[in-house]
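I opened these notes to record what I looked up in the structure. The entries follow the order in which I worked.

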Amino acid sequence: MSSHREAPAISQDPVADNADVYAFVSPDHPETVTIISNFVPLQGPPGGPNFFEFGDDVLYSIFVDNDGDALPDLTFQFKFNTTLRNEDTFLYNTGEIDSLDSPNWNKRQFYDVSVIRASGHGNGKKQHHEQDGKGEVIGQNLACPPCNIGPRSTPNYDDLAVAAVHSLAGGIKVFAGQRNDGFFVDLGAIFDLADIREIVNGMPSVDPLKTLNIHTIAIQVPISLLTLDGSVPTDAMAAKSVLGIWSGASRRKVQVRDENGSAPKGSGPWVQVSRLGNPLFNEVIVHIGDKDRWNAVDPIDDAGEFESYVNQPELARLLPALYPGAFDHLAAYNGTPRADLHAILLTGIPSGIVGGFQNFTGPNPADMLRLNVAIPPTTDNPNPFGLVAGDAAGFPNGRRVFDDIVTIELRAIAGLTIPLVDPSYTVDAVVTNPAFSSNLTPGAGRYQDSFPYLGTPHDGFDTPSS
Amino acid sequence: MERLSRRSFVKIAGAATGAAALAAAPPIARAGIGEEGAQHVDPSTGVPEEPVVAYVRDARRGEVTVTSGTREHTYRDRALVRRLLHAARKEVS
């Protein structure tokens, strides 16, 4: 999956598991950027009585680099606190939840938002693990919505979700709570040795995530608060137009658990246990023995060994073996460092490769989403295949909620983007075969047109339906 | 006690890691009470809300890491390491 359960350690720690990151110029508010970071993946909607929530003992962070050094210039931090109204019931709610302060809602979650602003270039700034979680508080005791339980408990769920969109000073909006998981992939096929159903069996693909929920932290920030000089760039070729964006989750270094069942107490600095920039990077590119370490370090540490995984991706070697005769050109090219993938994933695409576009952040190889904020959002029939299909507002120029990143990255690794850096390369015919894709179109309700852009979560009474 | 910077410590850590760990709260003086070199703890100084934890990071180098709040410091104190390891042996015997 994008980054759902992608590494051994984090697969056992769902509340800290950073599953997806999205960053895009907001289509309905193009003076802002929306960043979405998802956690607690693969939620079965009926999962009560203790429905899903963020970890009170986890520090959630969204990082923004605006000067191309792969270090955070702005860090938005989110810390949660869960409260009980009534300890003498087993129920999450004792009646209909009709507001965020409903007396019927027993187990509620609140959060604080802080921002850490760094300045200067390079080593003067701190990496995430040297930050102490004590930034400037910009939002306090903000209410999350409940989980979507069912028609008797949460009959007007959308009203609750709207009430949980909080406006902060400076034109910032935040939301934290359950949403529909917008990511789509035929998991069963991909992890059965890339057994793409439409190609191998002539069968339609299956999207197991279409009935699952996730927990979303979303923040919408005026572009002028994110850029290096406080401007709203309009020149797509200017360096200052590009933001590097990633997110992560950290836990305290030591946890002490008493015998009385009370919540464990933490001690020591925050230690990162999950991070995510480009989708599928740790999932598909990094080898399993290094995945936990990759989660613990920062984008600026991606040079070297992690960089080598990009230059020689294992999947590019596997495809010719799994589909004999279909990837002969790729097989012959394997062994040549993949400068195309290195640019897409680690440095951004320099000017001169794609006409009128760049999202280059400099030579430091670092896994970040790179968003050129001078590219306006595509509001008329945006193409889910993004930049490779001519829609420069989509992945890998940031990532929109509906971008088909499985198809984009599968085809890129299979050689589709090699001609960008090596015009003599001929792409294998199968790569542009429509069936060589996710073969999935997300259904109605997966997304919405306004913040936080991911759709209403499935309710536990109706999902699954039988 | 010699204090190491985090960066210098990270470079040398990872070879031999902790052989013993003691949580200092609530049994704050578990390792020291009644033993030679134990120090008196004045309750009036206040008990931290969160645990203060000391653990042997590298016994061979005599390094102890202390975590408190969101900070950690690593010290080189061979005598303390010996006492912690001694206390740990007593705990398991």
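**Strands and cysteines**

I began with the hairpin, in which 6 residues join β1(A) to β2(A). The model is predicted, so that local features need pLDDT of at least 70 and side-chain atom pairs pLDDT 80 or more, while totals for chains, interfaces and linings use all residues. Residues are numbered from 1 along each chain as its sequence is written, chains are lettered from A and ligands numbered from 1 in the order written, and side-chain values use heavy atoms, without hydrogens and water.

I took helices (H or I, at least four residues) and strands (E, at least two) as DSSP runs, numbered from the N terminus. I counted two strands as paired if DSSP finds at least two bridges between them.

Strand β1(A), residues 20–25, pairs with β2(A) in the antiparallel sense over 6 bridges. Within this pairing, I noted Ile35(A) in β2(A) as the bridge partner of Ala23(A). Strand β9(A), residues 213–222, runs antiparallel to β2(A) and is joined to it by 9 bridges. There I found Thr34(A) opposite Gln220(A) of β9(A).

I then checked burial (buried under 20% relative accessible area, exposed over 50%, partly exposed in between; 1.4 Å probe, protein chains only).

Cys144(A) is buried at 4% relative accessibility, and Cys147(A) is buried at 2%.
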